[in-house]
Amino acid sequence: MQRRTLLASASALMMALAVPAMAQDEPLKVGFIYVGPVSDGGWTYQHDLGRQAVEEEFGDRVETTYLESVPEGVDAERALTQLALAGNDVIYATSFGYMDAVMNVAAKFPDIRFEHNTGYKRAENVGTYDGRFYEGRAVTGTIAGRMTETNKIGYIATFPIPEVIQGINSAYIHAKKVNPDVEMRVVWAYSWFDPAKEADAANALMAEGVDVILQHTNSTAPLAQLQQAGKYGFGQASDMSSFAPAPRISSVYNNWGAHYVKSVGRILDGTWEPEAIWGGIGDGIVAIGEITEAVPADVKAEAEALRASIAAGEYHPFTGPLNKADGTGWLAEGETASDEELQSMNFFVEGIDAQIPQ
Amino acid sequence: MIQLVPRQGVSNGWQIATPLLAVLATMVAGGILFAIIGYDPVAAIRTIFWDPLFGPAASYSRPQLLVKAAPLILIASGLAVGFRAGIWNIGAEGQYIIGGITGAAVALALYPLEAWWLFPVMVLAGLAGGWAWGMIPALLRNWFGASEILVSLMLVYVAQRIAAWMAFGPMRNPEGMGFPGSRNLQQYPSAANPELLTGTGAHWGVVAAALAVLATWFLMSRHIRGFHLRAAGIAPRAARFAGVNPQTLVAFCLGLSGALAGAAGLFEVSGPAGQVTAQLGVGYGFTAIIVAFLGRLHPVGILLAGLLLALTYIGGELAQLTMALPAATVQVFQGMLLFFLLGFDLLTRFQIRRSIAA
């Protein structure tokens, strides 16, 4: 890939586009690159709702386009370059695996802003954004701890990465808080989206006596299994409200629109900076779906109070005293975890009887 | 009753005409499809087939055609040799993944050593990895009569699991903040597979694809092994009487196509992809089967077919960007191409006759 010819063709293209109208009349071009199809009903679908929120908020002042189903790997850099050459002023890359491709393309197009979702590399024109999903897990973990009758809850995990481990720990800590007898089983699906495998995982958990399942995977397959068995679960990534009021008794979903509207607004008024944004319930990026009537009113009130205190910043889901699973101390009474610790989290908290695959 | 009766001899003209007819029919049927879902068919076809070559950003997309076509041509060249002999390697995708892993393993093991011989050794390791993965179905067929179609296909899924294991386990980047994926080989000068001549897009994989076209042409039309292969494909029994050992041919074909697929994997992992991830396989091994048939299993045909498929990928992206055409239409397009080709092929080799049912 050649920087000089690229820049030459890019600037020629820019000039061609810039001739008819300049500055304010020209809408801000906003590009998105998605790892799945917009119809996936999960991860990409939620990002695309965010794109639509931007269109709704800013109307004629923006023009959005997207490339969907772009696999991470060999195609990412070309697809990002195509978005850049198409004249986009800002590009949102919505999957972790685009990280190095974003850095390469951003270096070639210094005038275009990039934001990379869930990554950690930044530059003059590259920011990152992500959600504090563990905040949502604290709320659903609380509900799970109250709703289980067998005192066994299950977690369908994706990959042993910090985000997922945060979620497992947060769900367990808060289930345990309201139900000291609770036990947690963890199954690793090694996929973000694999309905067959997720259904197997749900059945394996139920065979062990689990009656409430939290999932980090993005399909509705576990909910379908839970429905047949008459047990409870939660929506993930998307609200999955078609399974309400039961088995889906609540959900943690990604509301990227809250971030996209803020970010595009900053570009429009010229205050955008490459930041590392990690937003939670309070920022609106992590949302808790409706808690249904299958949940008793007092449990619902308890969960909503927890959500409110997290949103207000009064309570941090990782507050001591907490020990690690190997028995060593982690957080002292009243101490809260730092973001650095959370972002490299590779241990379970005390009480989770499972191993993190290495 | 409709009967298919073999024609007496097929003219050379039709041999060349059918792929062209198939492309034309795909354009027409694709155009109808676009019109039905509400897009301007002429503009869509022009965006997919014309703009990547002569559109406003063609100076970028033309070299990208080479980048995208190289692995397809490299893999299809090997596959075609086997297909001519009636040996069906459907698992090039798996051989591609394993070749990428074994090639990258050399670099990752020796990091951060800088030496001129590192990249050639990686290429050899990629060839060897793909070859070894191809030998599994070959040996199972020779020893136990297992279908190489099924075994090679199933081994794709094994290879995908191994890629995930590598990305999360042994090959995980120690400086990657706990995220999956190996070091990026693009940032490791001795192991990188960069653009060789600025502005051409050509990396070593493109050179290798060109060499593979020449070598398989020589093999099939000038070498006695090529004669044996063709003989075995047309008349297996006659070939056996002529002293062709079918077991040797099976091992040769699966080994050769495996090695070339493995090399393709190495060139991608050290170039456009940059790292070993769980998503290492992006379907080149399967698309190459379409390329091989579209190219009439002939080296020159494969060269052209590879470029055409690359055009549909890159044009498909442009159509998404400029017309918001769904990504799935590109896959429908590629499927149609194979469908029409096989259909026209059938009609050139067989006559349809109506007969009265007995």
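In chain B, helix α5(B) passes α6(B) in a right-handed crossing (right-handed if the near helix is turned clockwise from the far one by less than a right angle, left-handed if anticlockwise; helices are DSSP runs of H or I with at least four residues, strands are E runs of at least two, and both are numbered from the N terminus). The two helices, residues 92–110 and 118–144, pack at about 145° with axes 7 Å apart; axes here are lines fitted to C-alpha atoms, for helices over the stretch in contact, and angles run from 0 to 180 degrees between N-to-C directions. Their contact has 15 nonpolar, ten polar and no charged residues (Ala, Val, Leu, Ile, Met, Phe, Trp, Tyr, Cys and Pro count as nonpolar, Asp, Glu, Lys and Arg as charged, and the others, Gly among them, as polar).

All of this comes from a predicted model, where local features need pLDDT of at least 70 and side-chain atom pairs count only at pLDDT 80 or more, while totals for chains, interfaces and linings use all residues. Residues are numbered from 1 along each chain as its sequence is written, and chains are lettered from A and ligands numbered from 1 in the order in which they are written.

Between the chains, 38 residues of chain A touch 31 of chain B (contact means C-beta atoms, placed from the backbone, within 7 Å). On the chain A side, α1 (3–18), β2 (62–67) and α3 (76–85) each give two or more residues, with α3(A) supplying the largest share, seven. By class, that side has 19 nonpolar, 13 polar and six charged residues.

Chain A itself splits into domain 1 (3–131) and domain 2 (134–253 + 287–343), with bounds from an automatic or database domain assignment. Five residues of domain 1 and seven of domain 2 make up their contact.

Technical notes
Contact = placed C-beta atoms within 7 Å.
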